[in-house]
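Colleague: Hi! Could you walk me through this one in plain words?
Modeller: Happy to, have a look with me.

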Amino acid sequence: MFPRSPLEDPEKAAHAWARYRRIMAYMMTVTVGLVLASIILLYRSNGMVSIHFYIATALGVGFTMLLTSALMGLAFLSSGTGHDESIVDPFEGDWPAEDERKRK
């Protein structure tokens, strides 16, 4: 029998996903600010190079920031709701080092 995940409760899941959307909205604001700051700093140091340079920089910084914040947000969501504790580890006790630690 597998333990139930706390995210299976609709009320807890709604609260967790609302928190995740709030974090992502905040990170979107931070990302837009960071993209604007990076474009301004590059323009001040290099002048007008090529519009493609600035577009690629904005997309690269923006995509990296949003992907990182989405993945970290999901890790926080999983850990914060107790979803991580509801898994069953099929390999628990298979490693000799684990057996030695348990004996001590």
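Colleague: Leaving aside neighbours within four places in sequence, which residues is Thr-57 in contact with?
Modeller: Thr-57 is in contact with Ser-38, Ile-39 and Leu-42, once its neighbours within four places in sequence are set aside. Contact here means heavy atoms within 4.5 Å.

Colleague: Before I go on, what am I looking at?
Modeller: This is a predicted model, in which local features need pLDDT of at least 70 and side-chain atom pairs count only at pLDDT 80 or more, while totals for chains, interfaces and linings use all residues. Residues are numbered from 1 along each chain as its sequence is written, and side-chain values use heavy atoms, with hydrogens and water left out.

Colleague: Thanks! Where is Thr-57 found?
Modeller: Thr-57 is found in helix H2. Helices are DSSP runs of H or I with at least four residues, strands are runs of E with at least two, and both are numbered from the N terminus.

Colleague: And does Thr-57 count as buried or exposed?
Modeller: Thr-57 counts as buried because its relative accessibility is 17%. The cut-offs are under 20% relative accessible area for buried, over 50% for exposed, and partly exposed in between, with a 1.4 Å probe and protein chains only.

Colleague: What lies 2.8 Å from a polar atom of the Thr-57 side chain?
Modeller: That is the backbone oxygen of Phe-53. A polar contact is a pair of N or O atoms within 3.5 Å; within protein, one must be able to donate a hydrogen and the other to accept it, and residues adjacent in sequence count only if both atoms are side-chain atoms.

Colleague: Back to the partners of Thr-57. What does Ser-38 touch, not counting residues up to four places away in sequence?
Modeller: Ser-38 touches Thr-57 and Val-61 on that count. Ser-38 is found in helix H1, and it counts as buried because its relative accessibility is 17%.

Colleague: How about Leu-42, what does that one touch, again not counting residues up to four places away in sequence?
Modeller: Leu-42 touches Gly-47, Phe-53, Tyr-54 and Thr-57. Leu-42 has its place in helix H1 and is partly exposed, since its relative accessible area is 22%. The C-alpha atoms of Leu-42 and Thr-57 are separated by 9.2 Å, and the two residues are 15 apart along the chain.

Colleague: You mentioned Gly-47 there. What is its phi like?
Modeller: Gly-47 follows H1 and has a positive phi, near 75°.

Colleague: Let's zoom out. How many helices and strands are there?
Modeller: The protein chain comes to 3 helices and 0 strands, and the pattern along the sequence reads α-α-α.

Colleague: How does the span of H2 compare with what it should be?
Modeller: The 31 residues of H2 should span 45 Å at 1.5 Å a residue, and the end C-alpha atoms are 44 Å apart, so the two agree. The expected span is 1.5 Å times one less than the number of residues. H1 has 37 residues and reaches 52 Å from its first C-alpha to its last, close to the 54 Å expected.

Colleague: New topic: the surface. Which residues form the nonpolar patch?
Modeller: Trp-17, Phe-63, Leu-67, Leu-71 and Leu-74 form it, with about 490 Å² of accessible area together. Helix H2, residues 51-81, gives the largest share, 4 residues. Phe-63 counts as exposed because its relative accessible area is 57%.

Colleague: What makes a patch a patch?
Modeller: Patch residues have over 30% relative accessible area and no salt bridge; like charges are joined within 9 Å, and nonpolar side chains (Val, Leu, Ile, Met, Phe, Trp, Tyr) within 5 Å. A salt bridge is a side-chain nitrogen of Lys or Arg within 4 Å of a carboxyl oxygen of Asp or Glu.

Notes
Areas by Shrake-Rupley, 256 points an atom, 1.4 Å probe, with all protein chains shown as cover.
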